[in-house]
Amino acid sequence: MVVVLYFARSAELAGVRSETVSVPQRITSLQLWDEIVKRRSRLAVLRDQVVFAVRQEYVLLGDQLLVLQSGDEVAIIPPISGG
């Protein structure tokens, strides 16, 4: 079980700011994204723009293997505009 935190547009699309999600302990970042999108399909529009922060470390979507522990935080960070 990991805690998924949604920020900015991802929170708007998900309709929640956080939730607990059950995922395998060993999972790639892309597989993790797919699991989250299964629950919150409106997030799919962010696929090519989103970055994760897992335990406060940035992770790009791809084949990078993540080893998650119960209670880990996974932040969904969409592009943020501003100046």
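Which side chain meets that of Asp 48 in a salt bridge? The partner is Arg 47, at 3.6 Å from N to O. This is a predicted model. Asp 48 is exposed, at 70% relative accessibility. Arg 47 is partly exposed, at 37%.

**Salt bridges**

A search of the whole structure finds five salt bridges. The table lists three of them, including the pair above.

| Salt bridge | N to O distance |
|---|---|
| Asp 48 and Arg 47 | 3.6 Å |
| Arg 39 and Glu 19 | 3.2 Å |
| Arg 55 and Asp 72 | 2.5 Å |

Take Arg 39 and Glu 19, whose side chains meet in a salt bridge. Arg 39 lies in helix H2 and Glu 19 in strand E2, residues 18–21, so the pair ties together parts that are 20 residues apart in sequence. Glu 19 counts as buried, at 10% relative accessibility. Arg 39 is partly exposed, with a relative accessible area of 45%. Arg 40 joins in as well: Glu 19, Arg 39 and Arg 40 are linked in a network of salt bridges.

Next come Arg 55 and Asp 72, with a salt bridge of 2.5 Å. Arg 55 sits in the loop between E4 and strand E5 (57–59), and Asp 72 in the loop between E6 and E7, so this pair ties together parts that are 17 residues apart in sequence. Arg 55 counts as partly exposed, at 45% relative accessibility.

**Around Asp 72**

Is Asp 72 buried or exposed? Asp 72 is buried, because its relative accessible area is 10% and buried means under 20%. A polar atom of its side chain lies 2.8 Å from the backbone nitrogen of Gln 69. Leaving aside residues up to four places away in sequence, Asp 72 touches Met 1, Val 2, Val 3, Arg 55 and Val 67.

**The nonpolar core**

The largest nonpolar core has 23 residues. Those touching the most other members are Tyr 6, Leu 32, Trp 33, Ile 36, Leu 43, Phe 52 and Ile 76. Several elements give two or more residues to this core: strand E1 (2–6), helix H1 (9–14), helix H2 (29–39), strand E4 (51–54) and strand E7 (73–77). H2 gives the most, with four residues.

What does Ile 76 touch, not counting residues up to four places away in sequence? Its contacts are Val 4, Leu 5, Tyr 6, Phe 7, Ser 10, Trp 33, Ile 36, Val 50, Val 51 and Phe 52. Among them, Tyr 6, Trp 33, Ile 36 and Phe 52 are also listed with Ile 76 as core members that touch the most others.

Technical notes:
Residues are numbered from 1 along each chain as its sequence is written. This is a predicted model: local features need pLDDT of at least 70, side-chain atom pairs count only at pLDDT 80 or more; totals for chains, interfaces and linings use all residues. Side-chain values use heavy atoms; hydrogens and water are left out. A nonpolar core is a set of buried Ala, Val, Leu, Ile, Met, Phe, Trp, Tyr and Cys residues joined through side-chain atoms within 4.5 Å. Buried means under 20% relative accessible area, exposed over 50%, partly exposed in between (1.4 Å probe, protein chains only). Contact means heavy atoms within 4.5 Å. A polar contact is a pair of N or O atoms within 3.5 Å; within protein, one must be able to donate a hydrogen and the other to accept it, and residues adjacent in sequence count only if both atoms are side-chain atoms. A salt bridge is a side-chain nitrogen of Lys or Arg within 4 Å of a carboxyl oxygen of Asp or Glu.
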